[in-house]
Amino acid sequence: MAQASQARKARPLSPHLQIWRWGPAMAVSILHRATGSAASFAGLGLLLCWLGTLAAGPDAYALFLAQAGTWYGRIVLIGISWSVFNHAVSGIRHFLLDIGAGFEVKSNNFWSALCPVIGILLTAAFWACLLAR
């Protein structure tokens with residue numbers, strides 16, 4: 001009886017990260033949370049900056065547009081749009097899992113690996129349409 005008690009105390013109560021193998025589903029789930037936070041905070045900051053310069057007058061708004069058109073402004077805008085698209089695609093994947101579809105390991109890994117690719121393709125298409133004008 002004492003040995004069973006000792007063995008029970010030595011085991012962890014729940015699985016720890018050391019015993020989990022990293023896979024596409026785990027990575028895309030963490031990326032989903034990160035892109036959601038990035039889209040929220042960076043997107044809100046950009047929106048408030050845009051509204052502030054819009055309210056401040058034409059000179060301030062022209063400065064905002066000039067900064068948005070620089071290489072670093074484009075990187076920020078592309079990054080925010082990628083995080084929105086990636087978060088949306090991953091959200092659709094999570095929704096499908098919530099309704100009970102795609103729990104098979106092969107299917108889950110396939111769609112998990114495809115989510116960031118689709119996010120990149122949607123971002124590229126979005127910016128191609130914007131820059132084509």
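The structure holds 0 disulfides, a disulfide being a pair of cysteine sulfur atoms within 2.5 Å. This is a predicted model, in which local features need pLDDT of at least 70 and side-chain atom pairs count only at pLDDT 80 or more, while totals for chains, interfaces and linings use all residues. Residues are numbered from 1 along each chain as its sequence is written, and side-chain values use heavy atoms, with hydrogens and water left out.

C49 counts as partly exposed because its relative accessibility is 38%. C115, at 3% relative accessibility, counts as buried.

The helix α5 covers residues 105–131 and includes F126. Helices are DSSP runs (H or I, at least four residues), numbered from the N terminus, as are strands (E, at least two). F126 has a relative accessible area of 35% and is therefore partly exposed. Leaving aside neighbours within four places in sequence, F126 is in contact (heavy atoms within 4.5 Å) with S81 and F85. The C-alpha atoms of F126 and I78 are separated by 9.5 Å, although these residues lie 48 residues apart along the chain.

Two packed helices are described by the angle between their axes and the distance between the axes. The axes are lines fitted to C-alpha atoms, for helices over the stretch in contact, and the angles run from 0 to 180 degrees between N-to-C directions. The table gives both values for two pairs.

| Helix pair | Angle | Axis distance |
|---|---|---|
| α2 (residues 24–56) and α5 | about 40° | 8 Å |
| α4 (residues 71–98) and α5 | about 140° | 8 Å |

The angle makes α4 oblique to α5, and α2 and α5 are likewise oblique to each other. Angles under 35 degrees count as roughly parallel, over 145 as roughly antiparallel, 65 to 115 as roughly perpendicular and the rest as oblique.

The crossing of α4 and α5 is right-handed, and their contact has 15 nonpolar, 7 polar and 2 charged residues. Here Ala, Val, Leu, Ile, Met, Phe, Trp, Tyr, Cys and Pro count as nonpolar, Asp, Glu, Lys and Arg as charged, and the others, Gly among them, as polar. A crossing is right-handed if the near helix is turned clockwise from the far one by less than a right angle, and left-handed if anticlockwise.

The crossing of α2 and α5 is left-handed. In this pair, P24, A25, V28 and L31 of α2 meet N108, N109, S112, A113, C115 and P116 of α5. The residues of this contact of α2 with α5 comprise 7 nonpolar, 3 polar and no charged.

Note on methods
Buried means under 20% relative accessible area, exposed over 50%, partly exposed in between (1.4 Å probe, protein chains only).
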